[in-house]
Amino acid sequence: IQPGPFGNYLEKRKGIDQAHVAIGYNLPGLKDPLRYSAEIMNVILGVGASSRLYMQIRENKGLAYSVNSYVDQGMSFGNGCIYLGTDKSKYSSAMKLAIAELKKMKKVEQKDVEEAKEQLIGQHALENEDTEKVAEGLMQYEVEGDGKEYYKYPEKIAAVKLEDVRRVADITRMATSILVPE
């Protein structure tokens, strides 16, 4: 598999029973206006049992027992990661399918974007019921520059356009790390 110019790392490790695959790629950081588009793309791709990765890799093909994606954003960086936990004999197939699903995100549909927006806005509303989560969210936004921006999250998510999600999904560089049983 040749995901891109970053690199590929494979390690045979004692004491593990399954293969563990991580596929990483760059995304917008917290200061980038496209940061919210990255969150929406991530929800569609790999958050929950209705995500594309879960449906294709786990449900339809049975290639992984665990599959998800997440976003890690800092002030000057952003990364996305797809994680796969799978049988040693299936990791290559699961990885190829995950990369194919990531590439398909460039053609994501408006319906998917709207559903992801609803999910993120609903999740934010639920978090607002927990004062600990609100305090943490306000602190994170304050570190970024203005704590009051925390309360604008739903409108920022709602304002994301389909073209922006597709733009963020145009991933050209990936790195992989794979741990397989020895």
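The model is predicted, so local features are reported only at pLDDT of at least 70 and side-chain atom pairs only at pLDDT 80 or more, while totals for chains, interfaces and linings use all residues. Residues are numbered from 1 along each chain as its sequence is written, and side-chain values use heavy atoms, with hydrogens and water left out.

**Helix 1**

Ile44 has a relative accessibility of 8% and is buried (buried is under 20% relative accessible area, exposed over 50%, partly exposed in between, with a 1.4 Å probe and protein chains only). Next, display the contacts of Ile44 (heavy atoms within 4.5 Å). Beyond neighbours within four places in sequence, they are Ser51, Arg52, Met105, Val108, Asp112, Val113 and Ala116. For Met105, the C-alpha to C-alpha distance from Ile44 is 8.4 Å, across 61 residues of sequence.

**Helix 2**

Select residues 52-60, which form helix 2; Arg52, Leu53, Tyr54 and Ile57 are buried there. Their cover includes helix 1, strand 3 (66-73), strand 4 (78-86), helix 3 (91-104) and helix 4. Just after helix 2, Gly62 adopts a positive phi of about 60°.

**Salt bridges**

The whole structure holds 10 salt bridges, each defined by a side-chain nitrogen of Lys or Arg within 4 Å of a carboxyl oxygen of Asp or Glu. Select Arg52 and Asp112, whose side chains form one at 2.9 Å, N to O. This pair joins distant parts of the chain, helix 2 and helix 4, 60 residues apart. Asp112 is buried, at 18% relative accessibility.

Lys111 is exposed at 55%, whereas Glu115 is partly exposed at 43%. Salt bridges with shared partners connect Arg52, Lys111, Asp112 and Glu115 in one network.

Elsewhere, select Glu11 and Arg13 to see a salt bridge of 2.9 Å, N to O; Arg13 is partly exposed at 37% relative accessibility.

**Last stop**

Finally, select Asp130 in the loop between helix 4 (110-127) and helix 5 (131-144). Asp130 is partly exposed, with a relative accessible area of 33%.

Methods: Helix = DSSP H or I, 4+ residues; strand = E, 2+ residues; numbered from the N terminus.
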